[in-house]
Amino acid sequence: MAGMANSLFDELRACLQWTEADSARLRAVRPRLAPRFAAVADAVYRRLAARPGAAAVLAGGPEQAARIRATLERWLVELFQGPHDEAFFRRHRDVGGAHTQAGLPCYYVLAAMGLMRHELAGLILRVRDADHAATLDALHRVMDLEMALFLESYGEAMTSQIHDTERREMGDRLREAEQLASVGRLAASLAHEIRNPLAGISGAIQVIGQAMAPEDPHREVIEEILKQIRRLDAAVQDLLVYSRPKPPQYDRCRLGAAVLRVVSLLRQEPDVRRVKLTFDGLDAGPEVWLDEAQLQQVVANILLNAAQACTEGQAVEIRIVHDDETASVIIRDTGRGMSPTLAEQAFEPFFTTKAKGTGLGLPICRKIVEAHGGVIHLDSQPGKGTTVTVTFPLRPPAADGCDRAARSEVDE
Ligand code: ADP
Ligand code: MG
């Protein structure tokens, strides 16, 4: 570090042709200028404090103002007194870091330096020493040196700030991935522990149900139990899919036909039966590379959400559009819609406004769609309805696409 500062210092002095004669001139003129330094410091401070962008940093009250003025004045004395050796420049070099830390934008520091140069030049002209042209030269050289050093240290401070941020963000991402991995492991073992006994219970209940007479009033209870078991099983399944997504198994399929297949399965769902379904562009849809089972999950989640947001008889439209590069499934409902805040939260895992929701529908959709190299977009207006657009690339998955999907899999 010291070596670098040393060579930088020498290099700058050589570049600006700074000599000991400059030092001597500034030192000689200092006693006559010094009585005016307080006024210069004051002018510079006032100018800065009047700027809204700097005022926030300088808003520390009269005490801070006095401190800054005193620092500026001291800086001016040093500027003229020297000695302009390496220690002097090393001290002044830290100014950049201090300003970055204080959050003062660098252009204000440069503007302040410019203003000081102007004021000091005015003072030198006013006292008119014998060789004031050379003294002015020395002033410009020392100010140029200060400016170069300031920019150098400012750049360094910025870089280390950026590195700090990057390190922090990387740590956050790592922790998140670790958390997800352990949630995934937990979910997998939990799913195993829950689903197997659940299947056993369900089988036993069905046996009891079959043994009942058709008019037995307890049949309804049996049906209700089976329904709750299916719900529990679906919730466990959601958790499993969300925490341990599988990479897509690509197949070439007609998008419209695939969407129709899942819709015909869902048509019997009570929520879906209540709404008026319409279709557009499903027969002429393009061929795409997709994991059809995963596409079905996506369409099912979005369609169920749409239907659940509607009251009896409201409309849900399923549309497919495409261009040369992408194909989109657009599911638009005329239901209750979402406020902007709600729409923002809708993709958060476990966020739900439903008594029986898992809050994993949309997060699962996003994971699946992104693993396919696609995007999912939600557009909603409270009281008017919601449009969810899922866009897939038409090109076949590249080798690196598979890699990406594999990497996003939370596993070992
Ligand atoms: P869940 O359906 O289990 O609640 P989702 O992730 O599918 O979980 O949806 C999260 C939340 O987003 C829902 O609870 C609901 O408040 C809101 N939402 C999703 N889709 C729609 C829609 N089409 N219209 C209105 N609100 C919706
Ligand atoms: Mg849902």
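These legends describe close-up views of a predicted model of one protein chain.

Conventions for all views. In this predicted model, local features need pLDDT of at least 70, side-chain atom pairs count only at pLDDT 80 or more, and totals for chains, interfaces and linings use all residues. Residues are numbered from 1 along each chain as its sequence is written, chains are lettered from A and ligands numbered from 1 in the order in which they are written, and side-chain values use heavy atoms, with hydrogens and water left out.

**Figure 1. The whole chain, for orientation.** The protein chain holds 15 helices and seven strands. Both are DSSP runs numbered from the N terminus: helices are H or I with at least four residues, strands are E with at least two. The C-alpha trace spans about 120 × 45 × 45 Å along its principal axes. The radius of gyration is 36 Å, whereas a compact globule of 412 residues would have one near 22 Å. That radius is taken over C-alpha atoms, and the globule rule is 2.2 Å times the number of residues to the power 0.38. Buried residues make up 37% of the 412. Buried means under 20% relative accessible area, exposed over 50%, and partly exposed in between (1.4 Å probe, protein chains only). Of the contacts with a separation of 6 or more, 75% join residues 24 or more positions apart. A contact means heavy atoms within 4.5 Å.

Figure 2. Leaving aside residues up to four places away in sequence, Ile318 touches Val259, Val263, Leu277, Thr278, Phe279, Asp280, Leu282, Leu303, Val329, Ile330 and Ile331. In soluble globular proteins, nonpolar side chains tend to be buried together.

**Figure 3. Asn301 in helix α12.** Asn301 sits in helix α12. Asn301 is buried, because its relative accessible area is 18%. Not counting residues up to four places away in sequence, Asn301 touches Gly361, Ile364 and Cys365. Asn301 and Gly361 are 60 residues apart along the chain, yet their C-alpha atoms are separated by 5.5 Å.

Figure 4. Most residues other than glycine have a negative phi, and most peptide bonds are trans. Gly82 and Pro83 are joined by a cis peptide bond, with omega about -10°. Pro83 is in the loop between α5 (61-81) and α6 (86-102). Gln17 is not a glycine, yet has a positive phi of about 55°. Its loop runs between α1 (2-16) and α2 (20-33). Gln17 counts as exposed because its relative accessibility is 58%. Phe350 also has a positive phi, near 70°. Phe350 lies in the loop between α13 (340-345) and α14 (361-371).

**Figure 5. Two positions along helix α8.** Val183 is found in helix α8 (residues 132-211). With 36% relative accessibility, Val183 counts as partly exposed. At 41% relative accessibility, Leu190 is partly exposed. From Leu190 to Arg27, the C-alpha separation is 80 Å; these residues are 163 apart along the chain.

**Figure 6. Arg46 in helix α3.** Arg46 belongs to helix α3 (residues 37-49). Arg46 counts as exposed, because its relative accessibility is 55%. Its C-alpha atom and that of Arg69 are separated by 9.6 Å.

**Figure 7. Surface and charge of the chain.** The protein chain exposes about 23,100 Å², and carbon and sulfur atoms supply 55% of it. Areas come from the Shrake-Rupley method with a 1.4 Å probe; for residues, only the protein chains shown count as cover. The chain carries 49 positive and 56 negative charges, whose mean positions are 5 Å apart. Lys and Arg count as positive, Asp and Glu as negative; His and the chain ends are not counted. Each charge is placed at NZ of Lys, CZ of Arg, CG of Asp or CD of Glu.
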